Amino acid sequence: MSGITATLSPGWHAALSEAWEAYLRGSYPIGACVVDADGTVIARGRNRLGEPRRVEGGFIAGHDLAHAEINALLNLASTPRPESYGWTVLTTVEPCPQCAGAIAMSGVRAVAYAAPDPWGGCTRLLTDDPYVSGKRIQVGRAPQDVQRLALRLKAHALWEEERPAGERHVLNRFAAHHPEDVAYAEQLYRSGVLLALRERGASLEEALAVLA
């Protein structure tokens with residue numbers, strides 16, 4: 001690794017790599033991985049909503065359930081207790097209700113996310129629900145630079161949907177909470193730079209240099 005990627009931990013590098021791969025394949029740019037207590041990546045997953053519908057060993061695609069966190073958890077060979085209690089799910093976007101619930105019901109007891117999701121993010125399920133809170137799942141955040149990169153990539157994907165102004169409900173929610181990053185993503189979208197990188201299957205490092 002060099003440049004921006006050289007400063008990333010193995011876990012966050014893996015999660016961002018999965019997000020970029022998801023974007024290259026026509027899905028939302030969201031990636032996740034599971035790291036053990038030593039920070040070693042032991043499972044990976046990406047959003048596969050835009051891929052052909054199928055269910056195979058270790059992932060699900062083309063289905064409403066095909067989120068990055070779900071695929072990372074499915075990619076685990078096993079969740080031996082109590083060892084798995086020291087593992088962490090790292091994800092580039094705050095988990096939705098489905099993924100927060102899946103994490104809660106897995107043997108993993110920590111999650112950290114990069115971009116906040118003011119529309120569908122639901123990590124409060126892990127801390128506020130009477131049943132789930134008893135599992136004492138730790139909720140953390142990525143480093144600030146990773147948060148920014150993931151947020152801009154997600155916002156860029158939302159701009160790509162080209163919805164009429166009156167129907168940009170999700171994008172507007174993001175813009176209300178993170179106006180500068182959403183504006184940056186719009187400029188990047190209008191320039192076509194990131195679209196060109198996707199078209200030629202550019203590397204993660206090239207994409208992050210533009211997003212930064």
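1. P82 is found in the loop between helix 2 (68-74) and strand 5. Helices here are DSSP runs of H or I with at least four residues, and strands are runs of E with at least two, both numbered from the N terminus. A cis peptide bond, with omega about 0 degrees, joins R81 and P82.

2. On the basis of the model: it is predicted, local features need pLDDT of at least 70, side-chain atom pairs count only at pLDDT 80 or more, and totals for chains, interfaces and linings use all residues. Residues are numbered from 1 along each chain as its sequence is written, and side-chain values use heavy atoms, with hydrogens and water left out.

3. The protein has 10 helices and 7 strands. Its radius of gyration is 16 Å, close to the 17 Å that the globule rule gives for 212 residues, so the protein is as compact as a globular protein of that length. The radius is taken over C-alpha atoms, and the rule is 2.2 Å times the number of residues to the power 0.38. Along the principal axes, the C-alpha atoms fill a box of roughly 50 × 40 × 35 Å.

4. An open sheet of 5 strands has mixed pairing and the order 2-1-5-6-7. Strand 2 (41-46) and strand 7 (138-141) stand at the edges with a single partner strand each, so one side of each is left without a neighbour in the sheet. From one strand to the next, the twist averages 20 degrees. Two strands pair if DSSP finds at least two bridges between them. Axes are lines fitted to C-alpha atoms, for helices over the stretch in contact, and angles run from 0 to 180 degrees between N-to-C directions.

5. Strand 1 (residues 31-35) and strand 5 (residues 88-93) run antiparallel and are joined by 4 bridges. C33 has L90 of strand 5 as its bridge partner. Helix 1 (residues 10-24) packs on the sheet and touches strand 1, strand 2, strand 5 and strand 6 (110-115), with its direction at about 25 degrees to that of strand 2. Helix 6 (residues 144-160) also packs on the sheet, where it touches strand 5, strand 6 and strand 7; its direction makes about 65 degrees with that of strand 6. Contact means heavy atoms within 4.5 Å.

6. Strand 1 also pairs with strand 2, in the antiparallel sense and over 5 bridges. A32 stands opposite G45 in strand 2. The hairpin of these strands has 5 residues between them, and G39 takes a positive phi near 85 degrees there.

7. A positive phi is also found at R136, near 55 degrees, in a residue other than glycine. R136 is placed in the loop between helix 5 (130-133) and strand 7.

8. R48 lies over the face of F59, 3.8 Å from the ring centre. The charged end of K154 sits over the ring of Y28, at 4.2 Å from its centre. The criterion is NZ of Lys or CZ of Arg within 6 Å of the ring centre and within 35 degrees of the ring normal.

9. UniProt lists residues 6-139 for "domain: CMP/dCMP-type deaminase", in an unreviewed entry. UniProt positions are given in the numbering used here, feature names are shortened, and annotations may be inferred rather than shown by experiment. Over residues 6-139 the chain is 30% helix and 23% strand, with the end C-alpha atoms 25 Å apart.
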